[in-house]
Amino acid sequence: MLESAPAGDSPPAPDLAEVAPLGVWPGTAYPLGATYDGAGVNFSVFSEVAERVELCLINRDGLETRLSLEEVDGYVWHAYLPGLGPGQRYGYRVHGPWDPERGLRCDASKLLLDPYGKAFDGEFDGDPSLHTHGLDSLGHTMTCVVINPYFDWGNDRAPKTPYHETVLYEAHVKGMTMTHPAVPEELRGTYAGIAHPAVIEHLKSLGVTAIELMPVHQFMQDTVLLDQGLRNYWGYNSFGYLAPHADYAAMPRAGAAVTEFKAMVRALHEEGIEVILDVVYNHTAEGNHKGPTIAFRGIDNAAYYRLLDEDPSKYKDYTGTGNSLNVRHPHTLQLIMDSLRYWVLEMHVDGFRFDLAATLARELHDVDRLSTFFDLVQQDPVVSQVKLIAEPWDVGEGGYQVGNFPGLWTEWNGKYRDTVRDYWRGEPATLGEFASRLTGSSDLYEATGRRPSASINFITAHDGFTLNDLVSYNEKHNEANGEGNRDGESHNRSWNCGVEGPTDDPDVLALRARQRRNLLATLVLSQGTPMLAHGDEMGRTQHGNNNVYCQDSELSWMDWSLAETNADLLQFTRRVIALRTEHPIFRRRRFLAGRPIRNRDDARDIAWLTPAGEEMTPADWDSGFGKSLSVYLNGAGIPEPGPRGERITDDSFLLCFNAHDEELEFALPGPDYGLGWSVVLDCSTPTGESATALEAGAALTVPARCLLVLRHTDPS
């Protein structure tokens, strides 16, 4: 039944003839959401607790017409409106029990957003109606928008870059493009800005194969931040799991973000660059029991959220954000899986990075590697075939799960980050673990049948210091966030190289520059999948702020003028990534064995040597003061075949690591390892260039706090 329902003192809403001139058809329960088929729109929404559901169609003047959904199949309410098309704004009102003490929060005064909405329009204005039972929220909340799903993809094909050849680049849609001088002003901060040839050329010149975008699911601004003149910049506050964030669209037209996002993906794919999305399925923007009612809470609170057993009026919070999605409920799981498939099939993305992924594995209290969510992903013919990257922790008890995800998954390796930071800042007793992290962390991933590429190696990311700040600050400086510098991580494993923050001291500046190069080279040349944080290749700074989640300003945006100021660092980054790309020895598909390989003339694939040129002993590994070693990588000792079964051979390399505060003499290996050596990367020079060549067995001076990479040469 269709009813006209004016909001407050508004004029009468459109009548039936205006909204549904061809009548109302039953429609279908699947697919969920609003689906345009060229002739009309099917609307479908799940609510097990509802007693009645109204579809609310909103006209351009903000007036609504309510349609009572009479068809219900398996708690899915649905109708089909012939003649309706893209651009139509809509929402839902759910009639049902209001009893918060029992976790029941139906409130028909709230215009609710479709969990399957593919586009949104408007904004949340912070009005009390969003929080207060009985107050109508129409006009104070966003509305859903019916989209046109048709798009000319042309010959678009997924690059499908193998993991061992992947170089990830974590970026923010707005932050990466807001100051780029070659991007037209009207395109800055948008999907079209990311797709601009100048931005794509930068990624290609680096050697990046995949861009990992920070959250682009539609997210909500926090009223608390807005009241302080701040904004939710990072976007880890999602509520629209099938919709690209509208504010990142260059075109102001409602629903334009969908087309613009697709065009961005198509442009990146044309240049062989994959698109990975950072997704936040662990919680929603509705927050705790005091948060706004905009969608899930009012549709079916107990189905979508984990409630406290002892007090269902409140939420279990494994994320530190107020709530946790209830992945034990089949319709919540369906929403997550439908969302993932939608982004792969309709938006053509190439994979996902799951924020606080341990939360998704929680069925009762503990993180379970065999949880239902992982089972669903494993058997899904679409989702299982794209890149799946876990942030393998949450804030709940037992939430740190690095190394414990199933075989299909790769993981942000937090232990790699911590170990490499500790090694280069000179912490004692780090050699053994440093060697493990450098060679792919087999201790974490081999037992589950995974390869070195399961380790997503990173030293910096959006959360924490930039690379420049990591070597410039001992302490966080988050005063601009308005929380008295209490927010953000306090234990950063950083080192300011002798002076806190900006300095004119040439010795300190030289040491910081060398440390940046050491960290970048270690990251890129480690076995595993490297991930760079946007702007680190040109020395981006946040002036010591390690938690810019609320800083939508030049503090958090990339400063593209640094591409000239720090041109040497940019050239160095390109050089070291090219070295990895050109040499399979740095991107092995299988773990290094460290022992003779049968049927390969007993060729060793790796050897660990002291600065004296002798093989490392247990005593050397256990030495608390040891900070230096070299590693020999044998290009003739690669056992895994190429994609066509061919044998892979490469040059042999020697990596000399000196984290000591003084220069050291390294005895180069003798003829058994190679007849001669040439330095191909020198972290003590601004661009890494070197013309040094030495004979086998010669002495090499490695500067203090420096990494040198040498390639075997044959003088004959």
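A salt bridge here is a side-chain nitrogen of Lys or Arg within 4 Å of a carboxyl oxygen of Asp or Glu. Glutamate 54 lies in strand E4, residues 52-58, and arginine 66 in strand E5, residues 64-68, so the pair ties together parts that are 12 residues apart in sequence. Helices (H or I, at least four residues) and strands (E, at least two) are DSSP runs, numbered from the N terminus.

Before going on, this is a predicted model, where local features need pLDDT of at least 70, side-chain atom pairs count only at pLDDT 80 or more, and totals for chains, interfaces and linings use all residues. Residues are numbered from 1 along each chain as its sequence is written, and side-chain values use heavy atoms, with hydrogens and water left out.

Back to the pair. Glutamate 54 is buried, at 1% relative accessible area, and arginine 66 also counts as buried, at 16%. Buried means under 20% relative accessible area, exposed over 50%, and partly exposed in between, with a 1.4 Å probe and protein chains only.

Next, glutamate 274 and lysine 387 form a salt bridge, with the closest N and O atoms 2.9 Å apart. This one links distant parts of the chain: glutamate 274 is in strand E17 (residues 274-279) and lysine 387 in strand E19 (residues 387-390), 113 residues apart. Glutamate 274 is buried at 2% relative accessibility, and lysine 387 is buried at 7%.

Arginine 604 is partly exposed at 27% relative accessibility, and glutamate 615 is partly exposed at 38%.

How many salt bridges does a search of the whole structure find? It finds 32.

Now the helices. The axes of H10 (residues 414-424) and H14 (residues 506-525) come within 11 Å and cross at roughly 140°. Axes are lines fitted to C-alpha atoms, for helices over the stretch in contact, and angles run from 0 to 180 degrees between N-to-C directions. The contact, meaning heavy atoms within 4.5 Å, is made by Tyr416, Val420 and Trp424 of H10 and Gln515, Asn518, Leu519, Thr522 and Leu523 of H14. By class, that contact has 5 nonpolar, 3 polar and no charged residues. Ala, Val, Leu, Ile, Met, Phe, Trp, Tyr, Cys and Pro count as nonpolar, Asp, Glu, Lys and Arg as charged, and the others, Gly among them, as polar.
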